[in-house]
Amino acid sequence: MATEKVFPMTEAGKEKLEQELEYLKSVRRKEVVERIKIARSFGDLSENSEYDSAKEEQAFVEGRITTIENMVRNAKIIQDDELNSDIVTLGKTVTFVELPDGDEETYTIVGSAEADPFEGKISNDSPIAKSLLGHKVDQEVTVQTPGGEMKVRLVSIK
């Protein structure tokens, strides 16, 4: 039997997923069912675009519910006390400078389930995070990106 994928995440990330799951189950599901009922009242379902749209939305919502339930069930919470403070690990916020003269960039390395680059949270599966994991402040690291190689120097780890 195949083992389930483990989803490393912070406690806050798990809580956010649980809130989304509750919203999908208690609010969105009911809204979509109501849309389907209304669309059915329009008559012939074979040419009813409102009905088709509502059924597609229902499939999306149910798929998202299943995905989140799986992530929450297989979550592995990242504990701060397990982390070495001077090495880049999952759950750490790292600041680095692209060499030779780039700007400082700061990201928190999280599990793929809670990654959100717009909030400064990158997945541990991303090229940058994979390259930085296990390194220390002031080390220079070569990052393999789809656009080519880049060199960075770690400025801080929190």
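**Figure 1. The residues around the largest pocket.** Gly13, Lys16, Leu17, Glu20, Arg64, Ala113, Glu114, Ala115, Asp116, Glu119 and Lys121 line the largest pocket of this predicted model. The space inside this pocket comes to about 200 Å³. Which helix gives the most to the lining of the largest pocket? That is helix α1, spanning residues 11-40, with 4 residues. Sorted by class, the lining of the largest pocket holds 7 charged, 3 nonpolar and 1 polar residues.

**Figure 2. Strand β3 and its two partners.** Here we turn to the strands. Strand β3 covers residues 93-98, strand β4 covers residues 104-110, and the two run antiparallel, joined by 5 bridges. Together β3 and β4 make a hairpin, with 5 residues between them. To find your way along this pair, look for Val94, which stands opposite Tyr107 in β4, and then for Phe96, which stands opposite Glu105 in β4. Strand β7 (residues 148-157) is also joined to β3 by 5 bridges, and these two strands run antiparallel. Which residue of β7 stands opposite Phe96? The residue to look for is Leu154.

**Figure 3. Strand β4 beside strand β5.** Strand β4 also pairs with strand β5, made of residues 121-123. Do β4 and β5 run parallel or antiparallel? They run parallel, and 3 bridges join them. A handy landmark is Ile109, whose bridge partner in β5 is Ile122.

Figure 4. Most residues other than glycine have a negative phi, and most peptide bonds are trans. The peptide bond from Leu99 to Pro100, however, is cis, with omega near 10°. Pro100 sits in the loop between β3 and β4. The other detail is Asp138, which is not a glycine and yet has a positive phi of about 75°. You will find Asp138 in the loop that runs between α3 (127-132) and β6 (140-145). Asp138 has a relative accessible area of 55%, so this residue counts as exposed.

**Figure 5. Asn48 in the loop between α1 and α2.** Where is Asn48 placed? Look in the loop between α1 and α2 (49-73). The relative accessible area of Asn48 is 4%, so Asn48 is buried. A polar atom of the Asn48 side chain lies 2.6 Å from the backbone oxygen of Ala39. The backbone nitrogen of Tyr51, in turn, lies 3.0 Å from a polar atom of the side chain of Asn48. Setting aside neighbours within four places in sequence, the residues in contact with Asn48 are Ala39, Phe42 and Gly43.

Figure 6. Asn74 belongs to the loop between α2 and β2 (75-77). Is Asn74 buried or exposed? With a relative accessibility of 16%, Asn74 counts as buried, because the cut-off for buried is under 20%. Asn74 and Val6 are 68 residues apart along the chain, and their C-alpha atoms are separated by 5.2 Å. Not counting residues up to four places away in sequence, Asn74 touches Glu4, Lys5, Val6 and Phe7. The side chain of Asn74 also makes a polar contact, at 2.7 Å, with the side chain of Asn70.

Figure 7. Which residues is Arg35 in contact with, leaving aside its neighbours within four places in sequence? They are Glu50, Ser53, Ala54 and Glu57. Arg35 and Ile128 are 93 residues apart in sequence, and the distance between their C-alpha atoms is 43 Å.

Definitions and conventions:
Residues numbered from 1 in each chain as written. Predicted model: local features only at pLDDT ≥ 70, side-chain atom pairs only at ≥ 80, totals over all residues. Heavy atoms only, no water. 1 Å grid on protein atoms, 1.4 Å probe; cavity = no way out; pocket = protein on both sides within 12 Å on 5 of 7 lines; lining within 4 Å. Points joined across faces, edges and corners; volume = space filled by probe spheres on them. Nonpolar A, V, L, I, M, F, W, Y, C, P; charged D, E, K, R; others polar. Pairing = 2+ DSSP bridges. Buried < 20%, exposed > 50% of the residue type's maximum accessible area, 1.4 Å probe, protein only. Polar contact = N/O pair within 3.5 Å; in protein donor to acceptor, adjacent residues only side chain to side chain. Contact = heavy atoms within 4.5 Å.
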